[in-house]
Amino acid sequence: MPYSATERVQLRLRPAIWCRLVSVDTREDCDPPAARPLAQERSRLFGQQAEAYDRFRPSYPDAVIDELLGPEPGGLEVLDVGCGTGIASRLMAQRGAKVLGVELAPRMAAIARGHGVEVEIAAFEGWDAAGRTFDRVTSAQAWHWLDLPVATAKAASVLRPGGRLGLIWNAGYQPDDLADALDEVYAKVVPRGGHRLFRGYAADRSSDMKTGLGSEIDAVSAVRDFGAPTEKWFPWTRTYRRDEWLDQLVSRSDHAALEAAVRDRLFEAIGAAIDDYGGSFVMNFETVLITATRLRYPLDRQSAEP
């Protein structure tokens, strides 16, 4: 049964560390087969920082990949949407899955291919499946960039009955005292009125409320070929030294979109704040996995509802 309105509100208000990476207006008029303008612009920024993205972006816990693929991953055919440089694709391939990536940014795709991932360059909304179907359709850190109704319906159309959609995001925050210091840094250096910048990783501090997943969950619930979506969270930690954190910031589109002079001043001030903190810190990460199963018959879902 799909989430009720009350359950969706509870999901959005659950105290955790999730915030949407950027604000994407799904009401924006666009040509469905093409990438949306904001996605195209951020894809260009990701492409410019493709090497940094591949080297410094956090990976995903083994438990997330195991949950997504199931107990017998060998031979599963997986379509990884917005595969980037293949960070998640490689984890699935290491377990024996056969992975095909779809990626809009050519430089990101080139790096993924260099890691042995087969990639087709396209916006998923307009990508030609050419009659191919898959056991899994996955997307790590990318699904929120897409036209959600179009992409979600397309995912269902290329999944085999019993196959699963799996959407993955990381979020994380620094210790609160370091977060306080970073708040002051960003307030002093970054001009007001620009796009939102996250001090942590899709979060600012431990008190952040989880928001931004409602649109993705609602889009899945609206596709009759999918069963009710499920949501599972996986906590983990990683220690960052000063330079490691700055390297990671280079790979993020919210920071890459800053003017170069502002970005340089900001990175210098962030580095100084981390030095004052002791030169390193522990990030508290949590990875969310949203899944839904492609029903064998849409009526299966209708009969299961009250």
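**Note on the predicted model: sheet architecture and aromatic contacts**

1. In this predicted model, contacts within the chain between residues at least 6 apart in sequence join residues at least 24 apart in 79% of cases. The chain has 306 residues, and 56% of them count as buried. Its accessible surface comes to about 13400 Å², with 51% belonging to carbon and sulfur atoms.

2. The secondary structure comprises 13 helices and seven strands. The seven strands form an open sheet of mixed pairing, in the order S3-S2-S1-S4-S5-S7-S6. Strand S3 (118–121) and strand S6 (230–241) each have a single partner strand and stand at the edges, so one side of each is left without a neighbour in the sheet. From one strand to the next, the twist averages 20°.

3. Helix H4 (residues 62–69) touches strand S1 (77–81), strand S4 (134–140), strand S5 (159–173), S6 and S7. The direction of H4 makes about 165° with that of S5. Helix H7 (residues 148–158) touches S1, S4 and S5, and its direction makes about 135° with that of S5.

4. The count of aromatic pairs comes to nine. For Tyr-201 and Phe-285, the ring centres are 5.8 Å apart and the planes stand at 70°, so the pair is edge-to-face. Tyr-201 belongs to the loop between helix H8 (176–189) and helix H9 (214–221), whereas Phe-285 is in strand S7; the pair links distant parts of the chain, 84 residues apart. Both Tyr-201 and Phe-285 are buried.

5. Phe-285 also pairs with Tyr-240: the ring centres are 6.4 Å apart and the planes are at 55°, so this pair is tilted. Since Tyr-240 lies in strand S6 and Phe-285 in strand S7, the pair ties together parts that are 45 residues apart in sequence. Tyr-240, like Phe-285, is buried.

6. What residues make up the aromatic cluster that includes Phe-285? The cluster is formed by Tyr-201, Trp-236, Tyr-240, Trp-245, Phe-281 and Phe-285.

7. Lys-154 lies over the face of Phe-124, at 5.6 Å from the ring centre.

Definitions and conventions: Residues numbered from 1 in each chain as written. Predicted model: local features only at pLDDT ≥ 70, side-chain atom pairs only at ≥ 80, totals over all residues. Heavy atoms only, no water. Pairing = 2+ DSSP bridges. Helix = DSSP H or I, 4+ residues; strand = E, 2+ residues; numbered from the N terminus. Axes fitted to C-alpha atoms, helices over the stretch in contact; angles between N-to-C directions. Contact = heavy atoms within 4.5 Å. Buried < 20%, exposed > 50% of the residue type's maximum accessible area, 1.4 Å probe, protein only. Areas by Shrake-Rupley, 256 points an atom, 1.4 Å probe, with all protein chains shown as cover. Phe/Tyr/Trp six-rings, centres within 6.5 Å; stacked < 30°, edge-to-face > 60°. Lys NZ or Arg CZ within 6 Å of the ring centre and 35° of its normal.
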